Amino acid sequence: MTGPRIRKNEVPLIETVDLKKYFKTSRGMLHAVDGVDLKIMRGRTLGVVGESGCGKSTLGRTILRLIPHTSGDVRYGGESIVGYGKSKMREMRRHMQIIFQDPYSSINPRMTVSQIISEFMIVNRTYPTRREIDDRTAELMDTVGLASRLTDAYPHELDGGRRQRIGIARALSLDPSFIVCDEPVSALDVSIQAQILNLLMDLQDERELTYMFITHNLSVVKHISDDIAVMYLGKCVELAPSKELFSNPLHPYTKALIAAIPEPRLDACLRDSDIIRGEVTSPIDPPAGCRFAARCDYCTPACTERDQEFRDMGDGHFVACTLMDG
């Protein structure tokens with residue numbers, strides 16, 4: 001597969017090249033991420049969508065090297081990081097952080113708010129004195145909207161929204177340039193979701209942050225993303241600018257996902273929709289061909305004969321589907 005075109009002399013902040021992550025199971029190799037090529041330009045947000053189990057979170061963790069890759073390459077600012085040793089990777093983690101999905105299980109319940117936020121700064125010796133660390137912690141709490149009275153509070157005393165703000169403040173504590181947002185609002189109610197999304201967008205504008213925003217909610221990803229990658233069983237099947245993807249989806253799977261977005265209209269139930277039928281193909285040693293073929297109404301023999309390569313449809317729109325061959 002090939003990634004989207006970029007402007008001359010512009011180097012992506014994050015780039016993956018044929019990135020793969022397989023897990024060994026008793027029945028064979030599970031292809032969690034299988035040959036993904038992505039480019040994320042500095043200051044932009046790439047949304048990664050797909051149903052549960054498609055490899056979204058594994059992709060994010062593999063890029064950050066929280067789990068080792070099977071093959072392929074991950075580049076930061078044009079430089080490969082897959083060969084970095086522990087010391088070099090520890091330095092790199094100052095530039096690459098993650099906001100986890102569950103704001104409770106991802107933070108230490110025995111630490112106070114200030115201890116959680118300051119932990120990374122202490123470990124990395126970001127500031128020479130404790131006073132500077134405390135001042136920076138207070139500044140981060142203010143930045144993410146946490147009242148100073150919560151400094152000595154424990155996670156169990158706070159609601160989900162405040163816990164997630166702690167996670168955001170912790171991710172920001174080392175001034176990273178790239179953050180993987182792994183479904184950061186899926187565990188929150190709708191009103192709190194909007195607050196967290198707006199906070200992330202404001203922080204991006206202020207600090208020129210680059211996001212990979214992982215979610216299964218297309219309404220959320222449409223709101224925050226510049227570009228969107230659609231994944232299915234470890235493969236990226238479509239990649240396009242956000243507006244282009246929603247106005248002109250090309251892959252049958254993408255069309256079905258968009259058609260499934262609830263609409264607050266009484267006549268919405270009367271519209272035609274693409275219903276995905278059949279069972280999900282096993283990701284363990286999958287055969288050659290399109291992973292979606294078994295559930296696709298437009299499947300042809302060509303779909304199962306070979307893996308589908310990205311086709312450039314223009315304007316940064318790429319799709320892996322034989323329907324685009326003609």
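Helices (H or I, at least four residues) and strands (E, at least two) are DSSP runs, numbered from the N terminus. Met 111 lies in the loop between strand 6 (96-99) and helix 3.

This is a predicted model, in which local features need pLDDT of at least 70 and side-chain atom pairs count only at pLDDT 80 or more, while totals for chains, interfaces and linings use all residues. Residues are numbered from 1 along each chain as its sequence is written, and side-chain values use heavy atoms, with hydrogens and water left out.

The protein has a mean pLDDT (the predictor's confidence in each residue, from 0 to 100) of 89, and 93% of its residues reach 70 or more. Over residues 1-6 pLDDT stays under 50, and for these residues the model has 19 contacts (heavy atoms within 4.5 Å) beyond four places in sequence.

With 15% relative accessibility, Met 111 counts as buried, a term that means under 20% relative accessible area, whereas exposed means over 50% and partly exposed in between (1.4 Å probe, protein chains only). Leaving aside residues up to four places away in sequence, Met 111 touches Ile 116, Glu 119, Ala 153, Tyr 154 and Pro 155. Met 111 and Asp 152 are 41 residues apart in sequence, and their C-alpha atoms are 8.7 Å apart in space.

Helix 3 (residues 113-123) packs against helix 4 (residues 130-144) at an angle of about 120 degrees, with the axes 9 Å apart; axes are lines fitted to C-alpha atoms, for helices over the stretch in contact, and angles run from 0 to 180 degrees between N-to-C directions. That makes helix 3 oblique to helix 4, since angles under 35 degrees count as roughly parallel, over 145 as roughly antiparallel, 65 to 115 as roughly perpendicular and the rest as oblique. On the helix 3 side the contact is formed by Val 113, Ser 114, Ile 117, Ser 118, Met 121 and Ile 122, which meet Arg 130, Ile 133, Arg 136, Thr 137, Leu 140 and Met 141 in helix 4.

Helix 4 and helix 5 (160-172) are among the elements that cover the buried residues of helix 3. Helix 1 (residues 56-63) is largely enclosed by the rest of the structure, because six of its eight residues are buried.

| Helix | Buried residues |
|---|---|
| Helix 1 | Lys 56, Thr 58, Leu 59, Gly 60, Thr 62, Ile 63 |
| Helix 3 | Val 113, Ser 114, Ile 116, Ile 117, Ser 118, Met 121 |

Just after helix 1, Arg 65 takes a positive phi of about 60 degrees, and just after helix 3, Arg 125 takes a positive phi of about 50 degrees.
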